[in-house]
Amino acid sequence: MLFPLSAQQVDTVPEVTEVPLIEEVPVVEEVPILDEAPEAPAKGDTMNVLGKLEVIETPENTRVTLGENEVLIVEENGDTVRVVLGSRGISIVEGEDGTEIKVMEMDDFPKTHNKTRKKRFRPHFAGLEVGLNNYVTPDFSLTLPPEDAYMDLNTGKSWNWNMNIIDYGFGLGTDKIGIVSGLGFQFINYNFDGQNSIRKDPVSRKIDEYVPDYAENISKSKMNITYLTAPLLLEIQIPVPRNRIYISGGVIGGLKLWSNTKIKYTVSGEKSKEKAKGDYNLAPLRWGFTARVGYRALGFYVNYYMTPLFKKDLGPELYPFDIGLAFAF
């Protein structure tokens with residue numbers, strides 16, 4: 001059955017409002033995605049020259065460091081400049097009352113946090129040493145045989161002074177164990193206990209006792225020897241509060257540079273002295289064992305030489321040793 005169109009019910013068509021014009025959107029170029037965004041400096045602009053010189057600038061301060069281990073640090077912050085060279089530092093502050101300069105405590109100096117400071121092995125050889133000398137027979141006796149009694153020493157007056165001018169340390173993968181070497185001078189005097197000195201016999205060329213015929217009383221008689229020394233040590237450092245205890249041992253060598261004897265005596269009641277240079281058949285090269293222990297700048301050392309004092313068959317067979325205090329630089 002059909003119904004007329006007028007009879008059909010027609011839903012009301014909603015009125016369509018006018019659609020506003022949309023402005024043309026610019027085409028945005030696709031930005032490539034980076035695998036990893038560059039990390040911005042934590043403290044400010046950073047400049048690094050050949051991995052040795054680093055400059056960090058921020059609105060508040062400027063910091064300059066030299067060397068991988070920050071051997072030199074200069075930091076400027078307003079009216080304050082701090083300078084650290086090695087283990088020492090100063091602070092310069094300009095104020096209304098003038099300029100103030102003071103020595104800094106290293107704990108007061110701000111450390112960088114953007115990298116880990118590499119600790120360096122620090123050797124203990126350079127410094128000043130003072131001790132006592134003596135020598136022993138091949139069977140390690142301090143008592144000399146009768147034929148060598150003229151070599152008896154006054155140990156309390158037989159001193160050695162050692163000036164170790166440089167040292168070098170090589171850490172074995174850590175700052176607590178390393179190999180140590182260096183260079184120094186050893187000044188030795190052997191003060192004879194008897195009324196005699198020594199000389200090279202003009203005929204046999206051997207070392208023999210010497211007593212001047214004209215000397216009425218010998219008040220002092222000694223032999224002086226100077227060596228150039230160089231060690232090769234294994235050093236171990238044990239951390240303790242505020243510092244470290246160091247223990248080292250190894251070998252030490254010596255090159256004789258010069259030697260002489262000196263005696264003081266009286267002639268007809270007048271004081272006189274006699275000094276004679278010579279090689280005295282002393283071994284030109286020597287080597288021995290050395291051991292050292294210390295804390296901070298104070299230590300102890302002992303040296304024992306495997307080379308006899310005199311050349312073979314040209315003097316008594318005596319093996320030198322010395323022991324004393326060490327003051328590290």
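The model is predicted, so local features need pLDDT of at least 70, side-chain atom pairs count only at pLDDT 80 or more, and totals for chains, interfaces and linings use all residues. Residues are numbered from 1 along each chain as its sequence is written, and side-chain values use heavy atoms, with hydrogens and water left out. The chain has 0 helices and 18 strands. Helices (H or I, at least four residues) and strands (E, at least two) are DSSP runs, numbered from the N terminus.

**Confidence**
- Mean pLDDT, the predictor's confidence in each residue from 0 to 100, is 81 for the protein chain.
- Residues with a pLDDT of 70 or more make up 72% of the chain.
- Residues 1–14 stay under 50 and have 1 contact beyond four places in sequence; contact means heavy atoms within 4.5 Å.
- Residues 31–43 are also below 50 in pLDDT, with 7 contacts beyond near neighbours in sequence.

**Chain totals**
- Of the 329 residues, 33% are buried. Buried means under 20% relative accessible area, exposed over 50%, and partly exposed in between (1.4 Å probe, protein chains only).
- Among contacts with a separation of 6 or more, 61% link residues 24 or more positions apart.
- The chain exposes about 22100 Å², and carbon and sulfur atoms supply 58% of that area. Accessible areas come from the Shrake-Rupley method with a 1.4 Å probe; for residues, only the protein chains shown count as cover.

**Nonpolar cores**
- A nonpolar core is a set of buried Ala, Val, Leu, Ile, Met, Phe, Trp, Tyr and Cys residues joined through side-chain atoms within 4.5 Å.
- The largest one has 18 residues; Tyr-135, Met-151, Tyr-190, Ile-198, Met-223 and Leu-309 have the most contacts inside it.
- Strands S10 (177–191) and S13 (217–240) are the elements that give two or more residues to this core. S13 supplies the largest share, 3 residues.
- A second, separate core holds 5 residues, including Tyr-210, Ala-215, Ile-263 and Tyr-265.
- Beyond four places in sequence, Tyr-135 touches residues that include Met-151, Tyr-190, Leu-309, Leu-318 and Phe-321.

**Buried polar side chains**
- Gln-186 sits in strand S10. It is buried, at 2% relative accessible area.
- The side chains of Gln-186 and Tyr-305 form a polar contact of 3.5 Å. Such a contact is a pair of N or O atoms within 3.5 Å; within protein, one must be able to donate a hydrogen and the other to accept it, and residues adjacent in sequence count only if both atoms are side-chain atoms.
- Other contacts of Gln-186, leaving aside neighbours within four places, include Asn-160, Trp-161, Tyr-227 and Arg-286.
- Thr-307 lies in the loop between strands S17 (298–305) and S18 (319–328). It is buried, at 14% relative accessible area.
- A polar atom of the Thr-307 side chain lies 3.2 Å from the backbone nitrogen of Trp-287.
- Thr-307 also touches residues including Ala-283, Leu-285 and Tyr-319, not counting those up to four places away.

- Arg-205 has phi near 65°, a positive value in a residue other than glycine. Its place is the loop between strands S11 (197–200) and S12 (207–210).
- Arg-205 counts as partly exposed because its relative accessibility is 44%.
- Tyr-280 has phi near 50°, again positive in a residue other than glycine. It lies in the loop between strands S15 (270–277) and S16 (285–295).
- Tyr-280 is buried, at 7% relative accessible area.
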